[in-house]
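Let's take a walk through this structure together. Have the sequence and the 3D view open side by side, and follow along one contact at a time.

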Amino acid sequence: MPEIRQNEKISHRIEGPFFIIQLINPDNLNALEGEDYIYLGELLELADKNSDVYFTILQSSGRFFSSGADFKGIAKAQEDNGAKYASETSKWLSNFVARNVYVTDVFIKHSKVLVCCLNGPAIGLSAALVALCDIVYSMNDKVYLLYPFANLGLVTEGGTAISLPLKFGANTTYERLMFNKPFNYDIMTKSGFISKNFNMPSSNTEAFNAELLKELKGKVEGLYLPSCLGMKKLLKSNHIGSFNEINSMEVNESLKYWVDGEPLRRFSQLGSKQRKHRL
Ligand SMILES: CC/C=C/CC(=O)SCCNC(=O)CCNC(=O)[C@H](O)C(C)(C)COP(=O)(O)OP(=O)(O)OC[C@H]1O[C@@H](n2cnc3c(N)ncnc32)[C@H](O)[C@@H]1OP(=O)(O)O
């Protein structure tokens, strides 16, 4: 496997045709900083380039899949006032636009089958990445996806302006996004977003990951795996143009909000527990 630097919040390994990426920072509910999202993108690129890999599996740990962008990381970006940025626009192009557009693009164009082992809730950009996966299995019915853009002074990101209407329907998406409500288990099963619920207790993420991987190994037995990649390429071709277009539109729209400063005020309130999401 080509060399890649280590990241203490994200591990990876290869088992047969599976490239397994695991979020391993359960103490802060697997929140990710900008550099972590970039690392995740780099791992996907590594999986993409490896001709022995056919499936990229996203696993997590603890009670949350991921609570999204780390508010401590956002505060750090705000303090990043060094002479290197000529303006607020320049600062947020670097700290938000470039990172966000990169990780979203890597997920959109990924050629291997993306499988998400959804052990618990996912929020924000992480939930956007879950919605870019091809197959999602849930650990139990406590899972949800929350896109709290309206509560944080942001707009859709990570391709959600297209992935959510496609996967859950336009009106459900409007209602959940406008009023900052989670896409709960019922919505996810009715829409076919979740392929199987493993019905395991929330305290048992490692067992869920192991059971799911065992099942996947059984499922791929005897298959001609290049066919899977060929089909993914064709299925993806239905919407790839729209995803690319929306990725660019979303970050450019969001940039105004970051420059204006509302997301920072709200992230800081979240960090000091003055602001909460309604769940
Ligand atoms: C690049 C810019 C892109 C932005 C897009 C986004 O991703 S927006 C989404 C940002 N994330 C959030 O808004 C979620 C923030 N977290 C919460 O609202 C709550 O933590 C929760 C997820 C609803 C869970 O609440 P609960 O009461 O069950 O747990 P705690 O709040 O006590 O959390 C446990 C510890 O985890 C830390 N933590 C949770 N989320 C984050 C986060 N996003 N960033 C950093 N740290 C996080 C939390 O602070 C607790 O740590 P302690 O040290 O125990 O205080």
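At what angle do helix 11 and helix 12 pack? Keep in mind as you look that this is a predicted model. Helix 11 and helix 12, the latter spanning residues 262-271, pack at an angle of about 70°, and their axes are 5 Å apart. Angles of 65 to 115 degrees count as roughly perpendicular, and helix 11 is therefore roughly perpendicular to helix 12. To find the contact, look on helix 11 for Tyr-257, Trp-258 and Asp-260. These residues meet Glu-262, Pro-263, Leu-264, Arg-265 and Phe-267 in helix 12. Sorted by class, the contact of helix 11 with helix 12 has five nonpolar and three charged residues, with no polar ones.

Now stay with helix 11, which covers residues 240-260, and turn to its contact with helix 6. The axes of helix 6 and helix 11 come within 8 Å and cross at roughly 130°.

The crossing of helix 6 past helix 7 is right-handed. On the helix 6 side you will find Leu-164, Pro-165 and Phe-168, and they meet Ala-170, Thr-172, Thr-173 and Leu-177 of helix 7. This contact of helix 6 with helix 7 holds five nonpolar residues and two polar ones, but no charged residue.

Finally, let's visit the ligand. How many residues surround the ligand? There are 24 of them, and the closest are Arg-63, Ser-67, Ala-69, Leu-125 and His-277. In the side chain of Arg-63, an N or O atom is 3.0 Å from a ligand oxygen. With Lys-72, the ligand atom is a nitrogen, 3.4 Å from an N or O atom in the side chain.

Terms used: Residues are numbered from 1 along each chain as its sequence is written. This is a predicted model: local features need pLDDT of at least 70, side-chain atom pairs count only at pLDDT 80 or more; totals for chains, interfaces and linings use all residues. Side-chain values use heavy atoms; hydrogens and water are left out. A crossing is left-handed if the near helix is turned anticlockwise from the far one by less than a right angle, and right-handed if clockwise. Helices (H or I, at least four residues) and strands (E, at least two) are DSSP runs, numbered from the N terminus. Contact means heavy atoms within 4.5 Å. Ala, Val, Leu, Ile, Met, Phe, Trp, Tyr, Cys and Pro count as nonpolar, Asp, Glu, Lys and Arg as charged, and the others, Gly among them, as polar. A residue is near a molecule or strand if one of its heavy atoms lies within 4 Å of it. A polar contact is a pair of N or O atoms within 3.5 Å; within protein, one must be able to donate a hydrogen and the other to accept it, and residues adjacent in sequence count only if both atoms are side-chain atoms. Axes are lines fitted to C-alpha atoms, for helices over the stretch in contact, and angles run from 0 to 180 degrees between N-to-C directions. Angles under 35 degrees count as roughly parallel, over 145 as roughly antiparallel, 65 to 115 as roughly perpendicular and the rest as oblique.
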